[in-house]
Amino acid sequence: MSHGINLRAVPYDHPDAVKLNDQVQLEYQVRYDGEGDVTFLDPAMFARPSGLYLLAYDATGAPVASGGWRSQDANDEGYSDGDAELKRMYVIPEARGLGLARRILAELEADARAAGRVRMALETGDQQPEAIALYLSSGYTTSEKFGHYRFYDSSRCMTKSLAP
């Protein structure tokens, strides 16, 4: 399936992570006709044990997918204590359909669970039907909105219990 792909934990500001983040932002701009995701993200947010940032590399050593989680606790953006927030799930167009997003998602869930987080929370949008389908098929359910885009009509929020 995803033959020769290996997942590697990297800092959020690693050059390969920055490269993929630039690509995902361009895709958001096209899909949402405007700006990318302007949610403030600091590399420290993804540092263990309160987060993790993963890149998938293909057999040639090129980065082809990304995803991370960061700790959230109850705050005025609608999160709850014990939340792990999924961020920057992205697979380059050439590597889609190989199950990479599902593999990264499973790793991130396991890592957040091991770190004591109780719920995975994510925000996506109505112009990302593939993402919505992936999350629904992975056990996520739609939830109250939270995060930077909680007042946007196009925003879709989902959660999944990380209870073992």
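A residue counts as buried when its relative accessible area is under 20%, as exposed when that area is over 50%, and as partly exposed in between. In this predicted model, Tyr-135 has a relative accessibility of 6% and is therefore buried. Tyr-140, with a relative accessible area of 2%, is buried as well.

These two residues lead to the aromatic rings. A pair of aromatic rings is described by the distance of the centres and the angle of the planes. Across the whole structure, a search finds six aromatic pairs. In one of them, the ring centres of Tyr-135 and Tyr-140 are 5.6 Å apart and the planes meet at 65 degrees; because planes over 60 degrees apart count as edge-to-face, this pair is edge-to-face. Tyr-149 and Tyr-152 also form an edge-to-face pair, with 4.8 Å from centre to centre and 70 degrees between the planes. Within this pair, Tyr-149 is buried at a relative accessible area of 12%, whereas Tyr-152, at 40%, is partly exposed.

Elsewhere, ring pairs join Tyr-12, Phe-46 and Tyr-53 into a cluster. Another ring, that of Tyr-57, has Arg-8 lying over its face, at 3.8 Å from the ring centre.

Helix H2 spans residues 100-114 and helix H3 spans residues 129-137; their axes are 11 Å apart and form an angle of about 50 degrees. The two helices are therefore oblique to each other, and their crossing is right-handed. In the contact, Ala-101, Arg-102 and Leu-105 of H2 meet Leu-134, Tyr-135 and Ser-137 of H3.

Key. Residues numbered from 1 in each chain as written. Predicted model: local features only at pLDDT ≥ 70, side-chain atom pairs only at ≥ 80, totals over all residues. Heavy atoms only, no water. Phe/Tyr/Trp six-rings, centres within 6.5 Å; stacked < 30°, edge-to-face > 60°. Buried < 20%, exposed > 50% of the residue type's maximum accessible area, 1.4 Å probe, protein only. Lys NZ or Arg CZ within 6 Å of the ring centre and 35° of its normal. Axes fitted to C-alpha atoms, helices over the stretch in contact; angles between N-to-C directions. Helix = DSSP H or I, 4+ residues; strand = E, 2+ residues; numbered from the N terminus. Parallel < 35°, antiparallel > 145°, perpendicular 65-115°, else oblique. Left-handed = near helix turned anticlockwise from the far one by under 90°. Contact = heavy atoms within 4.5 Å.
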